[in-house]
Amino acid sequence: MALTTSPKKRSDLLCELAPDVERLYNRHLEAPRLWYPHEQINWGDGENFADSPWEPSQYPLNEGVRSAIYVNLLTEDNLPYYTHTLLSHAPTGHAILDWNHQWTMEENRHAMVMRDWVHISRCIDPTLLEDGRRVQMKKGEVPQPADMAELIAYVSFQERATQIAHRNTGAKLPKDDKIGRNVLALIAGDETKHFLFYRDLTLAAFAIDPSTMMIAVAKQVRDFAMPGTGIPSFTRHAVRIAREGIYGLQQYLRDVLEPVLGLWDLDHLVGLSAEAEKARQDLSEFVAKLGEGVERMTQKAARVTPALST
Ligand SMILES: [Fe+2]
Ligand SMILES: [Fe+2]
């Protein structure tokens, strides 16, 4: 008879994860990414908006790419609320608290450097951006995972998703905007390191309590959405971003879910409770259905594209 591990209480899991948090935090610190936001910008390219109001023609760009810059930057702006959520799961004296402070320090430079580049390059409308920032930040809306198991699963997916979104947005910028491409690559590099921390912390949590983690991961995969529900006209922007091939269901499946779930090797987990077995089955069916949907979308796009290009 297979042994079934009983799900642990939230506090037990966090307590047992402490050595892994310390190990992964130390690994993170051993490969520091020291870069200065002020050094990334060519300040002499800037102009006063009072003398030269913003016009789209100053930086020609597809609307999907503009939407991606707008949503990605506003998401970075929402950092105080992400930090607040993370800290609410971090008891005093636990290594996760030190990690959260490091994470916040690194995340904070993303909005700074992006906004500097946006204002100097004029790639998106600065008035629309500031209006969006005010509306979003007054709401303070961010996902609220129920416990540590859900939190580390959610943040694993989110860090990977933001890495992909920044990377793909950078690739869509004009070749001669070397500063913009570099800024987004630097941010994507930070997100990669954050992703590795959470991905491997979740892996360690699977070794401690596979049933709890299986249920948490299945729930987060099913419910996951790119952060940004507080952004004005978020759905319209999300559709444009997906159409542009920057981030949508296809990227969620191929670049986020498949590599992350594959690394966690969920198919070979043993000792799951009946509820966790059901969650694993539900997850597998969900991913298969998502795959069918993405395949249908890809085929539809292939039928439409030749017609558009003629
Ligand atoms: Fe970030
Ligand atoms: Fe990050």
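A crossing is called left-handed if the near helix is turned anticlockwise from the far one by less than a right angle, and right-handed if clockwise. The model behind these views is predicted, so local features need pLDDT of at least 70 and side-chain atom pairs count only at pLDDT 80 or more, while totals for chains, interfaces and linings use all residues. Residues are numbered from 1 along each chain as its sequence is written, with chains lettered from A and ligands numbered from 1 in the order in which they are written.

View 1. Helices here are DSSP runs (H or I, at least four residues), numbered from the N terminus. Axes are lines fitted to C-alpha atoms over the stretch in contact, and angles run from 0 to 180 degrees between N-to-C directions. The α6–α7 crossing is left-handed. Sorted by class, this contact has twelve nonpolar, nine polar and six charged residues; Ala, Val, Leu, Ile, Met, Phe, Trp, Tyr, Cys and Pro count as nonpolar, Asp, Glu, Lys and Arg as charged, and the others, Gly among them, as polar.

**View 2. Where α2 crosses α5.** The axes of helix α2 (residues 63–77) and helix α5 (residues 126–139) come within 10 Å and cross at roughly 40°, which makes the two oblique. This crossing is right-handed. From α2, Tyr-70, Leu-73, Leu-74 and Asp-77 meet Leu-129, Gly-132, Arg-133, Gln-136 and Met-137 of α5, contact being C-beta atoms within 7 Å. Five of the contact residues are nonpolar, two polar and two charged.

**View 3. Pro-259 in α10.** Pro-259 sits in helix α10 (residues 249–264). It counts as exposed because it has 12 C-beta neighbours inside 10 Å. Phe-157 is 102 residues away from Pro-259 in sequence, yet their C-alpha atoms are 10 Å apart.

**View 4. Arg-23 in α1.** Helix α1 (residues 10–30) holds Arg-23. With 14 other C-beta atoms within 10 Å, Arg-23 is partly exposed. Its C-alpha is 9.7 Å from that of Ala-95, 72 residues apart along the chain.

Terms used
Buried ≥ 20, exposed ≤ 12 C-beta atoms within 10 Å, placed from the backbone. Parallel < 35°, antiparallel > 145°, perpendicular 65-115°, else oblique. Contact = placed C-beta atoms within 7 Å.
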